[in-house]
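Work through the exercises below with the sequence and the 3D structure open. Try each task before reading its solution.

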Amino acid sequence: MELTILLNDLEGFAVYPKTDCPHVYEHVGDFTGAAGVRLAEHAHSSQCSIADCGSSDENWVCLSPNCVAVCCSRYVNGHMAAHFEGTRHAVSLSFTDLSVFCYECDSYITHPRLLNALNACHEAKFGEPHPLLLASSSSGSGSAAQGSSSASGSTPRSRILKDDSIESFATYIKENDCRRILVLTGAGISTSAGIPDFRSPDTGLYATLEKYNLPTPESMFSIDFFRKNPVPFYTLAKEMYPGNYMPTPSHFFIKLLAMRKMLKRNYTQNIDNLERVAGINADLLVESHGSFSSATCVGGSWPTLESDLTAEMAKNVPGCGKQFTQEWVKQKIFANEIPKCDACNGLVKPDIVFFGEPLPTRFTQCCDVDFDGPESVDAVIIMGSSLKVTPFNFLHKFVDRRVPRLLINRALVADFVGATVEAEDLDAGVRAHQDSIGRDAVFLGDCDAGCLKLAQLLGMERELAALVEQGKSVFLNQSVDR
């Protein structure tokens with residue numbers, strides 16, 4: 001699957017789609033059957049409909065019934081926004097990355113009503129149904145299918161895994177000698193190191209930010225807010241800065257996969273650098289949201305006393321782009337100073353991705369390589385992620401449909417959640433979880449426990465224990481030196 005267009009520098013933003021857009025009922029057509037085919041053909045082949053434009057780059061299609069106008073994006077000539085102003089048709093879909101935007105909400109959105117349109121365009125673009133449609137259609141028949149196979153005492157031939165247990169996933173890895181395992185990780189793999197995740201109700205980072213007096217919890221990682229007021233971020237950064245925490249058994253398990261020549265790539269959402277500290281080779285690592293390992297002047301500095309710029313004007317001053325080292329930034333932060341560029345006095349920000357910033361170029365480049373064919377990945381492990389941030393939450397969908405996937409997490413997420421899952425009965429939920437071809441497995445619990453269990457099943461538990469002890473010794477020695 002070619003992802004150069006799907007995840008290009010302009011579209012690859014970290015965003016939270018709005019889930020309760022009220023405008024989809026008025027502004028999104030049904031798009032079943034022939035209507036969906038016409039929508040996809042129209043979006044795929046048409047140029048921007050605005051006179052004297054004719055652009056075929058990054059076009060969006062209006063989803064209003066009986067409209068389906070095709071217009072270029074804000075990164076070209078902004079004609080879809082102009083279409084909205086003239087018609088008040090609020091919802092449009094990007095044929096570039098299949099994201100959906102509501103102009104009334106001024107937000108990217110996700111909603112079950114969009115599924116028909118998404119599926120039509122996904123089939124036209126990739127030649128296969130949208131993953132969410134597959135999950136939706138399988139959930140209604142999954143329990144019955146699972147029941148019938150249990151009654152007969154046999155496993156249907158179409159299933160990839162015997163069942164949805166971590167044991168079945170491990171058996172597949174061993175029997176198929178998997179050497180191209182894709183690992184996708186989120187904040188959950190670092191919580192046992194003492195770093196909070198983002199969304200746990202009481203202990204997550206967003207639940208503990210009241211002391212910073214932010215407009216919203218997400219403002220902590222908003223580039224616009226940072227350029228106005230960097231103090232909250234750097235106060236938090238001092239607490240979270242790399243070097244304060246030791247990698248977890250989960251990090252060392254990924255390291256062990258790399259040592260065993262079984263790791264295709266580790267895509268991580270984390271910015272704590274613990275993958276690097278654990279010794280995972282940089283070539284095998286994609287820090288999807290950046291890291292503290294380098295920093296760049298981003299401008300937007302508060303005006304100096306000599307300047308007549310207002311604060312509102314100053315936040316829009318572009319940075320000069322000068323690069324700074326992690327150690328230089330750390331010295332400033334731990335001296336309670338705001339890091340300022342010595343060339344232009346702009347703000348210096350670690351190269352972590354804030355809301356409103358493009359993803360690192362390496363993310364796009366590695367996606368082009370890692371998802372370039374049906375045999376590019378032979379298994380997927382997802383650990384400690386809520387799978388809510390776009391486009392990271394699509395990566396596990398881009399592998400071939402017959403590639404097995406294991407979720408290690410405290411809760412079921414994304415398309416691992418079956419329609420019959422009961423919130424108060426997770427065991428029943430796991431049993432009810434069933435995808436159409438039986439490729440998904442689930443381990444509900446802490447990431448470290450899941451990694452230790454998988455290592456045991458793969459016969460790697462002693463090697464993992466040795467790695468953890470070695471890492472602990474190195475970390476303690478470095479702590480003494482500091």
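**Exercise 1. At what angle do helix α8 and helix α12 pack, and which residues meet?**

Step 1. Helix α8 (residues 231–240) and helix α12 (residues 326–334) pack at about 105°, with axes 10 Å apart. Axes are lines fitted to C-alpha atoms over the stretch in contact, and angles run from 0 to 180 degrees between N-to-C directions. Helices are DSSP runs (H or I, at least four residues), numbered from the N terminus.

Step 2. α8 and α12 are therefore roughly perpendicular (65 to 115 degrees).

Step 3. Y234, A237 and K238 in α8 meet V329, I333 and F334 in α12 (contact: heavy atoms within 4.5 Å). By class, five are nonpolar, none polar and one charged.

The model is predicted: local features need pLDDT of at least 70, side-chain atom pairs need 80 or more, and totals for chains, interfaces and linings use all residues. Residues are numbered from 1 along each chain as its sequence is written, and side-chain values use heavy atoms, without hydrogens and water.

**Exercise 2. Which residues of α9 and α15 meet?**

Step 1. The axes of α9 (residues 249–259) and α15 (residues 447–457) come within 8 Å and cross at roughly 35°.

Step 2. P249, S250 and F253 in α9 meet C447, D448, C451, L454 and A455 in α15. This contact has six nonpolar, one polar and one charged residues.

Conventions. Helices (H or I, at least four residues) and strands (E, at least two) are DSSP runs, numbered from the N terminus. Ala, Val, Leu, Ile, Met, Phe, Trp, Tyr, Cys and Pro count as nonpolar, Asp, Glu, Lys and Arg as charged, and the others, Gly among them, as polar. Angles under 35 degrees count as roughly parallel, over 145 as roughly antiparallel, 65 to 115 as roughly perpendicular and the rest as oblique.
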